[in-house]
Amino acid sequence: MKEIETKQYFYHGDEHVDIENRVFETLSLDSLLDFCFEGEEKAFCKAHDFAFYGSGWQSWGFGGEIDEGKYQKKYFPVVPQWKKYFSLPGRLPKSIKSKKVLTGSFFIYFRWNFGGKNLYLALASTGNVRSSGDEKALPPVLFFVDRKFRMITAAVCSEGKKWREGEKIASLAVFSAGDFFELREKTRSLFAADRKARFGKLDFLNATPLKDKITVGGWESWYNHYADINSALIQGDLEGLSKTENLIKTRFLDSNKPCVFQVDDGWEISLGDWDAHRERFPHGMTALASSISGKNLIPGLWLAPFIIDWRSEVARSHRDWILRDERGKPLAAGLNPLWGSAFGKDQPSLPYSYFCFDLSRDDVIDYLDSLMEKVVNVWGFRYIKLDFLFAGMLKGGFKNGGAAYEWYDRAVRILTKRDVNKKGERVAYLGCGLPFEPSFNALPLSRIGTDTKEDWDIPWMKNAGYPSRPSAFVNMQDTLGHAFWDNGVFVNDGDVVFLRYENISLSDKEKILIALVNFLFSSQIMHSDDPLHFDAEKEGQFTRKVGSLYRLFENEDFGVENRDSTSYFIFSKNEKYTGFINLSDKIINIERKELVSRFMEKPENLETVIEYGERRRDGFSFEPHSISIYEIK
């Protein structure tokens, strides 16, 4: 395989303000294959179609692979506001004539299966890799791929940017890889310049002794209580964590590992009025953070700092702070029935819309700075989940002109500048709903997929082709798709694991799948089950089973490669384990040689560690929604 080739692009000409995304390069896929591969491998890739990975614009965009010959599914806009959760910003470049294109951003790859071996050709935007913290941000890179003519158009999200002679536009890296581990290592090398500085901020959360790896763990309120929380409920959960044999106690507390306790949405007065809801939390947020710290847990809090409810006091007092569209109307950022009125004077857009701030305004930045000062240094929270950050990249009529990415970069730096609180304690931030490329510097710990759910999928959202739907299925695709980023681009947060039996439709098989995918292919294990009403017999037995699997694989380094968009081969780097993941709704039959083809010495015996399916004479049948792992003997 050829080494990484990087090309930089600069602006040449008179001062110019972009009125749309700027196309800066058009590449032939076959010319890239000429550079990256040789002989039979090159000939095969040129003669065959490819699977495609586009990374998704932000956390909730689709992060898995698209099969050969396929395109991203078109969303039937049942809810128009939801398109903002996954759509690339701006219009399709005018130079692209095809009606159908594959889209991606930041990092894309093409994959071929050549004689049982996966070949990857990757393109990554590396212009925002910084060797120091004061470097200017470059616009995020967008990719548009014409599958039929095998052409790649690269553009930057730069609408509103004023270019000057010699300014850097972008930097693109091109490389090939022959397996998952080579793909991951080359990706890590691209983002290694400031890796120690970025990930070093998370050392105080680290729950693993492994070298060059950060893992984080804890409990959060969202996936059991959702927004229906109050002081008594949260205090009960806090007390219950240390009194029942739940996953957090057995995995973290009993061994004195760092552990987060995060209070999610529902604590606040309203979106924008970031103070304790007095009926729900009468003692306030300082007392809440103190009670969490008193249990030797790291107090965590959810915020969505860039978005706002039109009915909030902040919005009523500062209508000029809200971003407007080209017609001067408030720009809707999304839909949530809890965060917006249906109609009337309290809803200037579509029903249940919420809105976003004009981040170009200095008074808005001052407001965000004072909010974080209160949360960190007055209240005492040290793990801050910053959610719905994509709203900071929405394009509108900025008061001070400029491009969205410039104002986003400034605002995120302000939000995350408090690495240490006034007591000298370390502070960390979790990014969520965030655009990937503008965020990896300031938010090294981030959600890399859509929200999971206590249900496998949501049929009506699936039928509408909505790629950002909260579901265990889509979350698994995203977590597995972004696995090669982990501890390189981001410390990957794959979302929560479920072990409970109440308020859930997932089967044990599906819960085992989710628990192992998160443990093996991401680096944050969060839990949201009710610890106070822990079923000691049924839930306890299941927790012990998951705990034993975690201990077994504690020091193993696993890789994953797609068989297709819903099934995967998994394997340990030391060739001790092999396995298979089936996310599809059908039984999948494979031959034994497929499961062991990547091993130099083909194993004589495969001893079952965990299996959902059955062995046939020279093959396997794997059940839907399952993971199976075998030890190689």
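Why does Leu 172 count as buried? Its relative accessibility is 3%, and buried means under 20% relative accessible area, with a 1.4 Å probe and protein chains only. Before going on, keep in mind that this is a predicted model, where local features need pLDDT of at least 70, side-chain atom pairs count only at pLDDT 80 or more, and totals for chains, interfaces and linings use all residues. Residues are numbered from 1 along each chain as its sequence is written, and side-chain values use heavy atoms, leaving out hydrogens and water.

Leu 172 sits in strand E12, residues 168-177 (strands, E, are DSSP runs of at least two residues and helices, H or I, of at least four, numbered from the N terminus). Leaving aside residues up to four places away in sequence, Leu 172 touches, among others, Glu 5, Tyr 9, Phe 24, Val 141 and Phe 143 (contact means heavy atoms within 4.5 Å).

Now for the cavities. A cavity is a set of points on a 1 Å grid over the protein atoms alone where a 1.4 Å probe fits but cannot get out, and lining residues have an atom within 4 Å of a point.

The lining of the largest cavity includes Tyr 109, Phe 180, Leu 480 and Glu 561. Helix H3 (180-190), helix H13 (472-481) and strand E27 (558-564) each give two or more residues to this lining, and E27 gives the most, with three.

Conventions. Buried < 20%, exposed > 50% of the residue type's maximum accessible area, 1.4 Å probe, protein only. 1 Å grid on protein atoms, 1.4 Å probe; cavity = no way out; pocket = protein on both sides within 12 Å on 5 of 7 lines; lining within 4 Å.
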